[in-house]
Structures are given as structure tokens and as C-alpha cells.
Amino acid sequence: MILVLDFGGQYSQLIARRVRECRVFSEMIPFDTPVEEIRARNPEGIILSGGPNSVYEEGAPRVSPDLFDLGVPMLGICYGMQLMALVEGGEVGAVQIREYGRSDLVIKSHEGLFAGTPDAQKAWTSHGDAVFSVPEGFEITAETPSVPIIAFENPEQGRYGVQFHPEVRHTEYGMEVLKNFLYEACGCKPEWTPVNIITDAVERIREQVGDARAICGLSGGVDSATAAMLVHRAIGDSLTCVFVDHGLLRHNEAEQVVEAFGENSDVPLVHVDAAGRFLDKLAEVTDPEAKRKVIGEEFIRTFEEEAGKLEDAKFLVQGTLYSDVIESGTRDAARIKSHHNVGGLPEVMDLDLVEPLRNLFKDEVRVVAAELGMPERLVWRQPFPGPGLAIRVIGDVTAERLEILRKADAVLQDEIRNAGLYRELWQSFAVLPAIHSVGVMGDARTYAYPVVIRAVTSDDAMTADWARLPYDLLERMSNRIINEVSGVNRVALDITSKPPGTIEWE
Ligand code: XMP
């Protein structure tokens, strides 16, 4: 197992994920996790991530020198490399020309991290500081035309540092560098697979839940279904699934969920029709964060009520993913929006959470789901946010506005599926803005809502690009939405990537 110490870098979790792609288990932990805790986890290697600070700034995150006495191979990336240089007695300073983006590496040693890679290679860097002199016993292994020490190593002590980011796709030989660290320096074997996630998760769940009962919030999506299957493997009949229909679902969705998870499933399913109570709570709530908090709290209160009907139900299973966690804000990362299952949770809750997927990205969950034998239709279902259409009906959430959006969205989905694009797109959906515009239909003036088409491609929802949908498809969608959905007289297309936009509008 490899631990990634997070110094607040943008790509920290990506490092852990790439390590897992190399089939070695990895988890990210805060940089100031006590050394004793790290020792107890018995990692085979430690990676120090990048971060936004300068190592010599006052208050910059540091690590205890004891970390370097653990006798575990270490790889420092960017800030992590500079920190390693300082602790080991090297020198770090500000470079005259900051490097952001592509750098041309010249490799000086092919013995360690760069084994099996060419002399010249492209790498992605993003830094204002660099190592000026290497600590004793370290060798410079790569340079760029403007930075003489872009990588160094001391194999005897198991110390490796790179100023560039091997974890980003733009770094040509990044995965080779990581593999050399993992397999050669740390002696890891590429043996970790989704099956291991399943075995580990099942064991951890058993430990956490013991003899108590758990309920699982099932939404119909792949995340909660996977979480439910894992928990079912762990505690069997002590699991009850609860599907809360909050009235913010898409056309026919509630029926589909009940059909898929209802009678034919091994796990009992309770179907709660909570549309009335959610809509009441959302009345006149227009602020996106306020909506998310209302929905997050209402979900929990509904689950608590259902748990109260079962004997000894103490746990709530959620299909929370890492992307929900990071977007909701952590101590070292900014809040972008409060995902209903993380930042939208109420402060006081009766149930303890069980979240077996909290460290994973969606595409990793899909691998686990497939391994668990879930049907393809479910594994490849596009993500749908817990707060549902409430965060796609901009402004006031009323039954009437929800119905307009539901109809427009059904047309859009139908066209996307007919065009064979459903699986290729990360998400495709309609948004209803809180404005009207003038139109002319049947020789008469209209003053009605526009509908916005949003379709994006993405690997993991952390970044996304707007999908280049064919014009004839857009034309069909526009015609059908305006003709079939009363209350809509205009269709627009969202051509914003993430960043700077987010995938959802609220
Ligand atoms: P954004 O809009 O932040 O969304 O780019 C990233 C991904 O997360 C989904 N999303 C949510 N999922 N609860 C969820 O379960 C939420 O509160 C939530 N907000 C956004 C969104 O659909 C996209 O896939």
C-alpha cells in the first residue's frame, strides 16, 4: 500500500488514483497525519504531493523529520520534492522564469525512475520554486533548458524527487516513472484489483457495522447500488434498502428503480414517497447552496424515520464518491458546492455513515460494479445528482416547473439514446433557467421558458468538456422540445467546459 501525503495540491488525489491504476492500492491522507499513524499502516512507499505554497514561506506545511526515518521509500512530487530537498540538506529557491505547462525534460540517468524511457520527453510542470542544490548522496537525474535540477534521486536511501507531475496525462512517461517507483524502488507487485477493493471493503464494513442493522439509501444509480451490494455481502440480511422518491426525479424514474431493485432483488426495498415533504421544504428556496442543504437534511430525516421502524438500525450506507467529498470542500481544498451526501448533511444525525466508495472515482466504481456482476445498463448509467432536478430547475422549484423540465429532459434523453451517444457522454440533460423570452408560434406571440441542453464528456467529473453534438441531433432536440413541451419556446446549448463552469448549473 502506498500513502500519498496531501499538501493541498490540485492533483493529489489523482496521484493515488494513478497508483491504483498501476494495480497497487493507494490512499491519500493529510500531510500532518501523525508519523505513528503512518507507521501503523505499514506503507510500502510514501509519496509527498505538490502544493500551492513555497517551502521557505512562513507557515508552509512541513512534515516531521521522523517521517524520513521510517525506512520507507519516498517520492516527492513538486512541493514534495522541494520539501525532501530541504529536510535532507539541499537548497530551494525561486526560479526566475516560472514554469507552467509543458517542459522538455533531458534525462541524465536511466537507472532509477527513468529506466526504460527515452533521453528526451515532455512533462507537465507548474511551479515557481525549484531545487538549487541537491543534498549529499543525491544524483541529478533530469534537467530542462531552464531548470538544472528537475529530478533527483538517492536510491540507497530510497529517496526520489521530481519537479514535474508524473500523475497528469500530459506527462508523456508519467506512468512509467510511477511504475518504476512502485515496482522497483518500493518492490510493490501489481496485484491489486477491484476484487481486492471488494474484499477489503467487505471486511471493513463487517468491522464497522458488527451485529447492528444498516439501511442503504438507494437512488437507482451505480454508486448507491454498488455500495448496497458490498454491504449486503458483508452483513447479508441485516441490510434494508430505502429508496426515497423526493419528487425531483426524471420521467418514469421512480418506477424504473422499483422495478430494477424491487421484488426480484435479494435485498428488501422500502419505497418512500416523500415528494410532498421535499417540495414543501423547498418552497421559495432559490439559492443553490440553500437547496442542497434542505435536500441533504430532508434525506437524512427521512432515512432516520425509516431506520426507526427497524430494530437496531444504526447505520446509513451512502454511495459517496471522492469527487463529492473534494467538491464539498475539505480542510485543504476549497468548497465548490455542497454535495447533498457530504456538505449538505445536517450537523446532528442519529445514524452513523458507512461509505465504502468514499476514496474512489466514478470510473473505478464502475469497474467494481462490473466485477460484482451488475448489469451493463446500470454500470454505464449516466450520473444523476442526489438533489435531482431541483438543481436543474434554476430558482424556484415548483411542481409545474419540474414537470416542464421533466418533459424536456425525456425528449433529450430519447434523442441521445437514439443517436447512440448515451454511453459516450458523461452526462446529458436539460436545464430550466428562471427567465422567459419572446417567441412566435402559430402566428401568435409567446413568452415562455428557454431550455438549455447540457452534454459533457469527462473521465471522473473533476474536469469536463462540452460535447460536440451533431447539428442534426441538436436540431431534432430543439424542434421536439419546443413542439412537445408546452411552456417552452426556445432551446439553447451550453458550451462551457469545467473549469470554468461546473457540470450542473447549481
Ligand atoms: P459539478 O456540477 O460539480 O458536478 O461539476 C460533478 C458531478 O457530481 C454530480 N453532483 C452531485 N451528485 N449529489 C450527488 O450525488 C450532489 O449534491 C451533486 N452535485 C453534483 C454532478 O451531476 C456531476 O456528475
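The model is predicted: local features need pLDDT of at least 70, side-chain atom pairs count only at pLDDT 80 or more, and totals for chains, interfaces and linings use all residues. Residues are numbered from 1 along each chain as its sequence is written, and side-chain values use heavy atoms, leaving out hydrogens and water.

**Ligand site**

The ligand sits in the largest cavity. A cavity here is a set of points, on a 1 Å grid over the protein atoms alone, where a 1.4 Å probe fits but cannot get out; a molecule sits in it if more than half of its atoms lie within 2 Å of its grid points. The ligand is surrounded by 16 residues, of which Glu 327, Lys 337, Lys 498, Ile 503 and Glu 504 are the closest; a residue is counted if one of its heavy atoms lies within 4 Å of the molecule. The table lists polar contacts, meaning pairs of N or O atoms within 3.5 Å.

| Residue | Protein atom | Ligand atom | Distance |
|---|---|---|---|
| Ile 503 | polar backbone atom | oxygen | 2.7 Å |
| Lys 498 | polar side-chain atom | oxygen | 2.8 Å |
| Gly 386 | polar backbone atom | oxygen | 3.2 Å |

Taken alone, the ligand exposes 490 Å², and the protein buries 93% of that. Accessible areas come from the Shrake-Rupley method with a 1.4 Å probe.

**Helix 11**

Helices (H or I, at least four residues) and strands (E, at least two) are DSSP runs, numbered from the N terminus. Helix 11 spans residues 362–371, and its buried residues are Lys 362, Glu 364, Val 365, Arg 366, Val 368 and Ala 369. Buried means under 20% relative accessible area, exposed over 50%, and partly exposed in between, with a 1.4 Å probe and protein chains only. An α-helix has 3.6 residues a turn, so residues three or four places apart point the same way. The buried residues of helix 11 pack against helix 1 (12–21), helix 5 (194–209), helix 6 (222–235) and helix 12 (376–379), where contact means heavy atoms within 4.5 Å. After helix 11 comes Gly 373, with a positive phi near 85°.

**Residues other than glycine with positive phi**

Which loop holds Cys 78? Cys 78 belongs to the loop between strand 4 (74–77) and helix 3 (79–87). Although Cys 78 is not a glycine, its phi is positive, about 55°, and its relative accessible area of 5% makes it buried. Asn 252, in the loop between strand 11 (239–245) and helix 7 (253–261), also has a positive phi, near 65°. Asn 252 is partly exposed, at a relative accessible area of 38%.

**Further residues**

Is His 165 buried or exposed? With 5% relative accessibility, His 165 counts as buried; it lies in the loop between strand 9 (159–162) and helix 4 (174–185). Leaving aside residues up to four places away in sequence, His 165 touches Tyr 11, Ile 77, Cys 78, Trp 124, Thr 125, Ser 126 and Thr 171. Tyr 11 is 154 residues from His 165 along the chain, yet their C-alpha atoms are separated by 8.5 Å.

Glu 298, in helix 9 (residues 288–308), is buried at 5% relative accessibility. Apart from residues up to four places away in sequence, Glu 298 touches Arg 277, Phe 278 and Lys 281.

Asp 69 is exposed, at 62% relative accessibility, and lies in the loop between strand 3 (45–48) and strand 4.

Notes:
Polar contact = N/O pair within 3.5 Å; in protein donor to acceptor, adjacent residues only side chain to side chain. 1 Å grid on protein atoms, 1.4 Å probe; cavity = no way out; pocket = protein on both sides within 12 Å on 5 of 7 lines; lining within 4 Å.
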